[in-house]
Amino acid sequence: VPGTLELRPGWALAGLAMAVGGTLAAGAQGIWQLLRLPPLASAAPQAWAAAAAGLRRWQALAGLTLLAAAGLALASGGGLWAGFAGLAGLLLGAALLLPMMLAAGLGAAEARARGVISQWFWADARHQLPGLSLAMMALLLALAANVGVGTMVASFRATFTGWLDQRLASELYLTAESPAEAAAIRDWLGPRVEAILPIAAAETLLAGQPGEVYGVADHATYRDHWPLLSALPEVWDIVARGEGVLVNEQLSRRAGLDLGAGIDLPGGPLPVVGVYSDYGNPSPQVMLGFESFRARFPAVEVTRFALRLPAAEVEGLAADLRQAFPLPENALIDQAGIKAFSLRIFERTFAVTGALNALTLGVAAIAILTSLLTLADRRLPQLAPVWAMGLTQGRLAGLDLGRTVVLAVLTAVAALPLGLALAWVLLAVVNVAAFGWRLPMQVFPADWLRLFAAAVIAALVAG
């Protein structure tokens, strides 16, 4: 990847178009209400509240329509674009439904309130909702994106770590410079290790796509650790006899290869007897028994090996190997080194996610702040009678702050199911269509609590 920044005019213009279009769409709401009101009624807050109630009903109807369209897009199984359409429908539909949901929640709280101040607090919060609804929509989308993308990344991290533990079961990995050196090293290693497992691979076309075929030894390392998603009974015995193959999930999904389906290989087709997970690999892959592999690809030279030995002996064996043979630095790699290297790459890949999550939450906080600043001057005539009736400025300020926090908490509660739905679409639809493999979805309630605390703090700061 080049280490230079690049600014394309198309990106700048697209961002500007989205900003202008979004501003016009947001401003159209108020202008539409103003056009429908009588000229003198536009100065009356009650008239605006009545107009906002009608608009909320139309927004809720549009939101339900978008959610239904999202469901249809996802149910159609149309691939990547259907997944994107489902995401758009989910996010926009939920955002348009939010004002009605908040109004219903505030109305229910008002109905259960006891005491004049408590009733006024909930009624005033509902009355101010039209001026804060766009800010709450921004907060909803920010929180849902945080929950959805955070769940996807955390699910990937947990699955990837466990998958590495399965795939990298051997303690040491060796690459020789030539077949002659490989034979000499094998003879030297024979009495010093528990097992020497050859790693042999050949490139070929698999279901019309460039891919790799691996030869796998008949050993407990694979039987006990290799991550199979589905398999026939006694799958490893079938593979060892050369009567079937294992395919990775990517090839199974792209070529529609279920268990029992045949796949063409050099030397004749073989049935698929198992499907294994292969996260991160964009290419199709097949595994067959080592003897069958040698018969089908006799020209392939085997110079790579996985070594099984007690973990405490790895460092000593590696030092002895380097003394006995002129091995380059990267010829010997221990299991822990590969795992640490892979996880470092993973964390770097998703480091930008944390920055984007903070950015979206910051944008939502600024939206709340600007909405509150806009409402501040308009609210003075409404607050003056309450102050004149005995409420102190400190008490009024506390109630105003409480209103902001209550709206933020209600929005966060609404954002949780939306974020989980977003995560499911990303994992089960978009990821499968884009990469050919599916990650199991896992939930992380502690992350939700931290995120909701951040949302409340952002609302408090803005308030």
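Reader: Which residues form one aromatic cluster?
Author: This is a predicted model, in which local features need pLDDT of at least 70 and side-chain atom pairs count only at pLDDT 80 or more, while totals for chains, interfaces and linings use all residues. Residues are numbered from 1 along each chain as its sequence is written, and side-chain values use heavy atoms, with hydrogens and water left out. Rings of Phe, Tyr and Trp (its six-membered ring) pair if their centres lie within 6.5 Å, with planes under 30 degrees apart counted as stacked, over 60 as edge-to-face and the rest as tilted. One aromatic cluster is formed by Phe156, Phe160, Trp163, Tyr279, Phe346, Phe435 and Trp437.

Reader: How are the rings of tryptophan 163 and tyrosine 279 arranged: stacked, tilted or edge-to-face?
Author: The centres of the rings of tryptophan 163 and tyrosine 279 are 5.7 Å apart. Their planes stand at 65°, so this pair is edge-to-face.

Reader: How many residues apart in sequence are the parts that tryptophan 163 and tyrosine 279 tie together?
Author: Tryptophan 163 lies in helix α4, whereas tyrosine 279 lies in the loop between β7 (270–276) and β8 (285–289). Helices (H or I, at least four residues) and strands (E, at least two) are DSSP runs, numbered from the N terminus. The pair therefore ties together parts whose separation in sequence, in residues, is 116.

Reader: Is tyrosine 279 buried or exposed?
Author: Buried means under 20% relative accessible area, exposed over 50%, and partly exposed in between (1.4 Å probe, protein chains only). Because its relative accessibility is 9%, tyrosine 279 counts as buried.

Reader: At what angle do the ring planes of phenylalanine 121 and tryptophan 122 stand?
Author: The structure holds 15 aromatic pairs. In the pair of phenylalanine 121 and tryptophan 122, the ring centres are 5.1 Å apart. Both phenylalanine 121 and tryptophan 122 are buried. Their pair is edge-to-face because the planes stand at 80°.

Reader: What is the phi of alanine 207?
Author: Most residues other than glycine have a negative phi. Alanine 207 lies in the loop between β2 (195–206) and β3 (209–216). Alanine 207 is partly exposed, since its relative accessible area is 45%. Although this residue is not a glycine, its phi is positive, at about 55°.

Reader: Is glutamate 234 buried or exposed?
Author: Glutamate 234, a residue other than glycine, has a positive phi near 55°. Glutamate 234 lies in the loop between β4 (228–231) and α7 (235–240). With a relative accessible area of 59%, glutamate 234 is exposed.
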